[in-house]
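User: Hello! I am new to this structure and would like to look around it with you. Could we start once it is on the screen?

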Amino acid sequence: MIAIQKQTPLRGTRPEGTRDEQEAAARVRDMFTRIAPRYDFLNHLLSFSLDKVWRRRTAKRFASVLGRPEARILDVCCGTGDLAFALDRARLRALGPSRREPIVGSDFAEAMLMRAGEKARRARSLAIFAAADALRLPFADASFDLVTTAFGFRNLANYEDGLREFARVLRPGGELGILEFTEPGAGPLAGIFRFYFRHVLPRIGAAISGNSEAYAYLPNSVRKFPSPKELASLMERCGFTDIRINSWNFGSVILHSAGRS
């Protein structure tokens with residue numbers, strides 16, 4: 001159980017120059033639309049392909065849900081679908097060729113979804129993708145047994161509204177997984193990673209993608225994102241229980257997992 005502490009309300013991302021949630025969401029969608037052509041290449045390059053490891057670990061955490069062929073799974077802010085595909089591969093290993101519900105991926109940047117669909121066709125994956133705003137999901141109440149998101153929750157214009165929407169579409173007893181960047185911990189290796197993340201990564205990303213704004217936004221958004229304990233407290237206020245925190249990569253990558261009460 002995570003103790004709830006009084007704190008300033010945790011709102012959501014605010015890219016530089018935006019005045020409200022609507023402008024913030026529009027700016028984020030525009031940034032991700034513009035970097036979509038180089039998104040996968042840069043994700044793997046800039047993380048030294050560790051992003052693949054983190055997604056596999058996330059899938060392993062929810063093996064009990066993935067092993068149920070009737071379970072319905074939603075990956076929110078799915079981007080080009082990498083977590084959805086990791087979940088689908090883990091499910092295939094667990095179930096074999098038996099019939100299973102397709103994993104659903106949703107995102108509000110259609111350029112990302114186009115690439116997710118192309119990857120699904122090439123891999124012959126059962127994952128399907130739909131355009132959707134994470135704050136107003138087009139799914140009925142209690143539709144899913146598992147909701148996940150990888151490196152997308154941080155970009156929501158309102159964190160509390162997002163969590164309440166996740167809770168709405170989850171069935172009672174369903175599970176939530178949020179894989180996200182956060183400020184790394186103390187120590188020399190964490191300090192090296194912090195320097196890389198703040199000063200080296202944005203320059204490489206800008207040079208290859210041609211979009212300096214998006215890769216300057218990345219470290220800035222991480223720096224302003226709630227700490228793991230703050231996010232856990234907010235999750236509890238939004239109806240989630242049994243909140244667990246897994247920390248990887250010098251404390252810079254966090255998986256929050258929880259159940260829906």
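User: In what order do the 7 strands of the open sheet lie?

Analyst: Welcome! This is a predicted model, where local features need pLDDT of at least 70, side-chain atom pairs count only at pLDDT 80 or more, and totals for chains, interfaces and linings use all residues. Residues are numbered from 1 along each chain as its sequence is written, and side-chain values use heavy atoms, with hydrogens and water left out. Strands (E, at least two residues) and helices (H or I, at least four) are DSSP runs numbered from the N terminus, and two strands pair if DSSP finds at least two bridges between them. In this open sheet the pairing is mixed, and the order is 3-2-1-4-5-7-6.

User: In which sense do strand 4 and strand 5 pair, parallel or antiparallel?

Analyst: Strands of a sheet pair through backbone hydrogen bonds, in either of two senses. Here 6 bridges join strand 4 and strand 5, and T148 stands opposite G177 in strand 5. Their sense is parallel.

User: Why does S143 count as buried?

Analyst: S143 sits in the loop between strand 3 and strand 4. Leaving aside neighbours within four places in sequence, S143 is in contact (heavy atoms within 4.5 Å) with R72, V169 and R171. Buried means under 20% relative accessible area, exposed over 50%, and partly exposed in between, using a 1.4 Å probe and protein chains only. S143 counts as buried because its relative accessibility is 8%.

User: Which residue caps the N-terminal end of helix 7?

Analyst: Helix 7 covers residues 159-169, and its buried residues include Y159, L163 and F166. At its N-terminal end, a side-chain oxygen of the cap lies 3.2 Å from the backbone nitrogen of E160. The capping residue is N158.

User: How much space lies in the largest cavity?

Analyst: On a 1 Å grid over the protein atoms alone, a cavity is a set of points where a 1.4 Å probe fits but cannot get out, and lining residues have an atom within 4 Å of a point. Grid points are joined across faces, edges and corners, and a volume is the space filled by probe spheres set on the points. The largest cavity is lined by 27 residues, with C77, C78, G79, D107 and G152 nearest its centre. Its space comes to about 310 Å³.

Technical notes: A polar contact is a pair of N or O atoms within 3.5 Å; within protein, one must be able to donate a hydrogen and the other to accept it, and residues adjacent in sequence count only if both atoms are side-chain atoms. On a 1 Å grid over the protein atoms alone, a cavity is a set of points where a 1.4 Å probe fits but cannot get out, and a pocket is an open set with protein on both sides within 12 Å along at least five of seven lines; lining residues have an atom within 4 Å of a point.
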